[in-house]
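Here is a short report on helix packing and backbone details in one protein. Please read it alongside the coordinates.

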Amino acid sequence: MMPAYDSNRWFAIFFIAYLIICLYIFMNIFLAVVYNNYRKHLKNEVRKLVYMKRKSLAKAFDLLKVKKDGEFIIDFKRFNVLLKMIPPTRSPMMVNILWYVLDTNGDNAVGKVDFLQLADLLNVTVTEVKDRRSIFDRIAPVCFHSKFSISLRQLVAHKYFRYFFDLMILLNAFLIAFDITDGEWFFLALFTAEILLKMYTFGVQYFFRRFWNIFDFIVIGGAIIGTSIEAFMDSSAEDKTRTLDILLVLRVLRLVKIIGGIDRFQVIVTTILNLGPSILTYGGVLIVVYYVFAIIGMELFHGKIKYYGYQNITDPSHLYCGNSLLNGSVFYQSQYCSNNFNNILSTFVVLFELMVVNQWHVLANGFVLVTSKAARLYFFAFHLTCVIIVLNIFTAFVLEAFILEYSFCKSKLENAMEKKIIEMGLQLGRKKSQDPKGTDNDNLIIDSEDVVESNDYEVPDKSTNRRSSIYPDLAEKTDIRFHLSKSKNVENLLQRMFENELDVNDFGPEDIENFEDETTMTLSLKTL
């Protein structure tokens, strides 16, 4: 564009129009076509799995069913035996919760329609927490149960305690950014106190179950060890401060957790986390594409371009990347000699640069000069395969994952299970008023991040006698509490999305293996 633009400023209109039409219109239409085909084939595969699951559950229901009042149902006795045969082992309390979720009518019987939800219900991740007895409780029970200790532990478990230290992390990062290092030891001591207080409040074992606690322990522990070693070594004050800065600034990554707690950002953060395992599969496909083009590239361009440096070159054969054909080229002037196909690692770097379209034309023209114009076919083929097709499929996958997370933040079964847990008084954070000995039960102090909020549900007050008899309030009888995990995977979200489009009694064709062909034929007939 630039030579034409220098000649006449109006020539810019041609290039602007070309970019708008080809890059922003036709390429996005191509992306839409890729996404539509990707979604169609994905939908067929997921529906096939849903049909297989429903057929298997229907067979299981036929084997377990008993007749009651003229209808076939499954009673609790058979349901209990069934769950004992399905790993992992579940507590009797967990079995009761699962039963209450499936028994939607409250008639102590599960029909076929409700039973078909069993597989999805078992996939809901529920954490079962029992009353924890801290190691400090065993060592010094009198001190641990003193009024001061109880107040201190309640303070540590409060959400404002977490907010305060998140603010300190942000302040610490701000001071480091402006090279203000006077308060580094203050922040180190403060963050160390935070870790010790959490260990004291929740117990050492529980502390190390959380990722961010482990992260804090490693970073702060490394800072203490690093600064202690440097204190005994002959290091400059600048080196000591730099080590402390690097370790402490890593704690700013905890702010990702704060962003994830904000509703408007939660979908984005959750989508990124859900994509993690699936990206490994996509990465495997990308590596195969890279490897194929790397082998071809090494066969075509091996030894054509070499790196000898750019200054103080005495050997004439080492000039211009070892190839005189690059004399005066933009490739050599840009010092791209290291971008060659002489080994697999260098080749992968070149392919990555081509994938992100980094000076794509400069790289291609360099290898065209040392070979022939036919070399453009190699770079065009890689761009078409990797950038246009593979990356657009990945974009379609990310779009699908985001739409799924946005549309299905929580399934009906998860809502139902959470509601039953709250109605039974077994949500994490609900404590007994008194233990069997008549003293306050303060052992189970819950981290504010783990508390299940019950504001969305109207839980009947016990004093009003409005609670249904089939949902007993068990908070006073057991120390077991349940907490729904927020983790999901893309596969479950996809299945949930397409399953909602199917009728409850739709079990698919008899021949599941030919399901895709039949679906395609049905779509074609509907189109006609």
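## Helices α10 and α11

At roughly what angle do the axes of helix α10 and helix α11 cross? The axes of α10 (residues 159-177) and α11 (residues 184-202) cross at roughly 155 degrees and come within 11 Å. That makes α10 roughly antiparallel to α11. Angles under 35 degrees count as roughly parallel, over 145 as roughly antiparallel, 65 to 115 as roughly perpendicular and the rest as oblique. Axes here are lines fitted to C-alpha atoms, for helices over the stretch in contact, with angles from 0 to 180 degrees between N-to-C directions. The crossing of α10 and α11 is left-handed: the near helix is turned anticlockwise from the far one by less than a right angle, while clockwise would be right-handed.

From α10, the contact uses F161, F164, F165, M168, I169, L171, N172, L175 and I176. From α11, E184, F187, L190, F191, E194, L197 and K198 take part. Contact means heavy atoms within 4.5 Å. By class, the contact of α10 with α11 has 12 nonpolar, 1 polar and 3 charged residues. Ala, Val, Leu, Ile, Met, Phe, Trp, Tyr, Cys and Pro count as nonpolar, Asp, Glu, Lys and Arg as charged, and the others, Gly among them, as polar. An α-helix has 3.6 residues a turn, so residues three or four places apart point the same way.

## Basis and overall makeup

This is a predicted model: local features need pLDDT of at least 70, side-chain atom pairs count only at pLDDT 80 or more, and totals for chains, interfaces and linings use all residues. Residues are numbered from 1 along each chain as its sequence is written, and side-chain values use heavy atoms, with hydrogens and water left out.

The protein has 23 helices and 4 strands. Helices (H or I, at least four residues) and strands (E, at least two) are DSSP runs, numbered from the N terminus. Of its 528 residues, 39% count as buried. Buried means under 20% relative accessible area, exposed over 50%, and partly exposed in between (1.4 Å probe, protein chains only). Among contacts with a separation of 6 or more, 75% join residues 24 or more positions apart.

## More on α11

α11 also packs against helix α9 (residues 147-157). Their axes are 9 Å apart, at an angle of about 115 degrees. That makes α9 roughly perpendicular to α11. This crossing, too, is left-handed. S149, L152, R153, V156 and A157 of α9 meet L197, K198, Y200, T201 and F202 of α11. By class, the contact of α9 with α11 has 6 nonpolar, 2 polar and 2 charged residues.

Buried residues of α11 include E184, F187, E194, K198 and F202. G203 follows α11, with a positive phi near 95 degrees.

## Helices α3 and α4

The axes of α3 (residues 76-85) and α4 (residues 92-102) come within 11 Å and cross at roughly 125 degrees. That makes α3 oblique to α4. Their crossing is right-handed. F76, F79, N80 and L83 of α3 make the contact with V95, N96, L98, W99 and L102 of α4. By class, this contact has 7 nonpolar, 2 polar and no charged residues.

P88 sits in the loop between α3 and α4. The peptide bond from P87 to P88 is cis, with omega near 0 degrees.

T347 lies in helix α18 (residues 344-355). T347 is buried, at 0% relative accessible area. Leaving out residues up to four places away in sequence, T347 touches A294, M298, N340, F341 and N342. S346 is buried, at 18%. With the sequence neighbours up to four places away left out, S346 touches S338 and N340.

Is V357 buried or partly exposed? V357 counts as partly exposed, at 43% relative accessibility. V357 lies in the loop between α18 and α19 (360-370). Its phi is positive, near 55 degrees, in a residue other than glycine. C321 is not a glycine, yet has a positive phi of about 60 degrees. C321 is in the loop between α16 (263-301) and α17 (330-333). C321 is buried, with a relative accessible area of 2%.
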